[in-house]
Amino acid sequence: MANEDQPTSGTLPFKVPEPPPPPPVRASSKSTTILKAPPPKPAPAPGAPNLPAPPVAGEPTVKLTIDGEHVEVRKGTNVLEAAKMLGRDICHFCYHPGLSIAASCRQCLVEVEKMPKLQPSCQQIVAEGMVVHTESPAVLEARRAMLEFTLKNHPIDCPICDKAGECILQRHYMDHDHELTRVDVPKIRKPKHKDIGRDIVLDAERCILCSRCVRFCEEIPGTGELGMMNRGDHEILDIANGHRLDNPYSVNVVDICPVGALTSKDFRFQVRAWELKATFTTCPGCATGCAVELHTKHETAYRLVPRYDPAVNGHWMCDPGRLTYKETAPEERVRYAKVDGEDVPLGHAIATAARRLRGRTRKVAVVFSAQASNEANAALADLADLLEAERFIVGKPNWQGDDILRDTDQNPNTRGALTAAGLARHEGELGLELAGRAYEAVVFLDGTFELSEVVRTSLKSLPSICLADRWTPLAESCTVVLPAVSWAETLGSFVNRQGRLRVLQPAWRPEGDRRERADLLRDLVMALGEQDLPTSRERSRTLAEQHDNDELRALSAMPTAARPTLLRFTHTRG
Ligand code: SF4
Ligand code: SF4
Ligand code: FES
């Protein structure tokens, strides 16, 4: 009997024992590996040194007055964060709540009574009885003058700048300066479009020397590739000779750069920021389940950026996770059902799948997916019960994790899939048993699983049903393909490595006949002449109650599948 806890070389983070026995004629779950969920891992979120401002029960607090309004905040909070609690967004550049405080831009100056000079609100810690003015004439003039100084050598190439529309300098200029330049000498020129890394291009002329990117590289990945060179008007941000900005978290510097000095090679010149809509969802790149915004135009995704979640990812996400949106590319989508290679109406494909499953004389294999949602896996478990099927679980192979965010498990929902599947066996055994023709039919929840060509060829000669959102070698080998939604169109959930429910919400309405996997399986069960099953949305509601998750509860109560998305320019970046 296999030891369930014994580490082996399986591609899932769960361990398979020694090589499986020769392909049996008929497999039995009693004789093989049963996978189980690993213990929860602690929160990986890198600390946010300056948050949060609200008082926490039992912790010392401080009362102060800001612009005549009283506020009570946690002791140690800075004035800038305290002002946010009153809805006052003090104009700033170099401060970022996830990084140490440099207080170098002097854009956030405020007046503090009994102090002789204006103080940087990002650095000024609150004190009992402190009286702060953020809109006094002296503050307004200092703010305007600092903006004029920052813009002195700025190129003002907004029409061709990738950050235009979401640039903090643009926003502050419109709000606090809005004057013509008084500079009548040539501006200092600096290097433009310098390739400094795998994903990053630097335009040093646009840089306002806030040092956010320098502090990020030193404090989060700890790689310290960037630094300030030269002095005075000739000071520039640059990368040390012979180095590249290639750490696995490098693109976060693009998000936190307040201007368009650091741009992403993947995103630059693709679309303007104001054309994008943002949907709050979850990165499917690994078991961490970082909170993200998916930025889309019409039915196409253009980028993923991190969304602040103190319990999971803080302010950051990794570079490979940002590219997961490419799996949703329109050209790869399965839009309509196929039976034996022919496009058919969805109802016809489901009826065919049901007829072929009903006519079987031997056992069926169902294949759960660590890439699919809890709702989809739970629906497959119901089908497996009905067919008394052998259960397998598949997922992407492990990759390199780290101590910051990335988990070695490249699947977003291994825990959820294992919970739904119950007693499931490892994918390694599935390939051998399919090759040995141990099953008369097989149902795949997802088409991303890699099988050898021999096994894929064998799928063509038996009822093989695949719920696929994009064309993959596995989907192309199956005799019945049902069009499913991708994670970007799904209303559903994963369970991450901490055991937390992570919510997916649809960024656009699915095209063609694409449907939630749980709903496709429900239709299949009904076509088999069996009892009604919960819809995908009903399963989400149940999960929301089980995990007491307000976000999923609210989304699953909405009448339409795709909720209205937010307009992009909502100041969630920077
Ligand atoms: S490149 Fe951007 S983040 Fe870095 S110092 Fe310049 S303005 Fe700041
Ligand atoms: S750490 Fe994992 S979940 Fe987070 S962004 Fe990277 S791939 Fe996505
Ligand atoms: S934000 Fe406070 S000095 Fe820069």
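Which elements cover the buried residues of α15? In this predicted model, local features need pLDDT of at least 70 and side-chain atom pairs count only at pLDDT 80 or more, while totals for chains, interfaces and linings use all residues. Residues are numbered from 1 along each chain as its sequence is written, chains are lettered from A and ligands numbered from 1 in the order in which they are written, and side-chain values use heavy atoms, with hydrogens and water left out.

**View 1. Helix α15 and its cover.** The cover of the buried residues of α15 includes α8 (374-387), β22 (492-495), β23 (501-504) and α14 (536-546), where helices (H or I, at least four residues) and strands (E, at least two) are DSSP runs numbered from the N terminus. In α15 (residues 550-557), Leu 552, Leu 555 and Ser 556 are buried. Because they cover an arc of only 95° around the axis, they lie on the same side of α15; the arc is that of the directions from the helix axis to the C-beta atoms. Asp 550 and Ala 557, on the other side of α15, are exposed (buried means under 20% relative accessible area, exposed over 50%, partly exposed in between, with a 1.4 Å probe and protein chains only). At the start of α15, a side-chain oxygen of Asn 549 comes to within 3.0 Å of the backbone nitrogen of Glu 551.

**View 2. The surroundings of ligand 1.** Ligand 1 is surrounded by 14 residues, of which Cys 207, Cys 210, Ser 211, Cys 213 and Cys 257 are the closest; a residue is near a molecule if one of its heavy atoms lies within 4 Å of it. The shell around ligand 1 consists of 12 nonpolar, 1 polar and 1 charged residues (Ala, Val, Leu, Ile, Met, Phe, Trp, Tyr, Cys and Pro count as nonpolar, Asp, Glu, Lys and Arg as charged, and the others, Gly among them, as polar).

View 3. With 6 of its 8 residues buried, α4 is largely enclosed by the rest of the structure. The buried residues of α4 are Arg 212, Cys 213, Val 214, Arg 215, Phe 216 and Cys 217, and what covers them includes α3, β8 (226-229), β9, α5 and β10 (262-264). Leaving aside its neighbours within four places in sequence, Val 253 is in contact (heavy atoms within 4.5 Å) with Ile 200, Cys 213, Phe 216, Cys 217, Leu 245 and Leu 262.

**View 4. Asn 313 in its loop.** Asn 313 is located in the loop between β13 and α6 (319-322), and it counts as buried at 0% relative accessibility.

Conventions: Polar contact = N/O pair within 3.5 Å; in protein donor to acceptor, adjacent residues only side chain to side chain.
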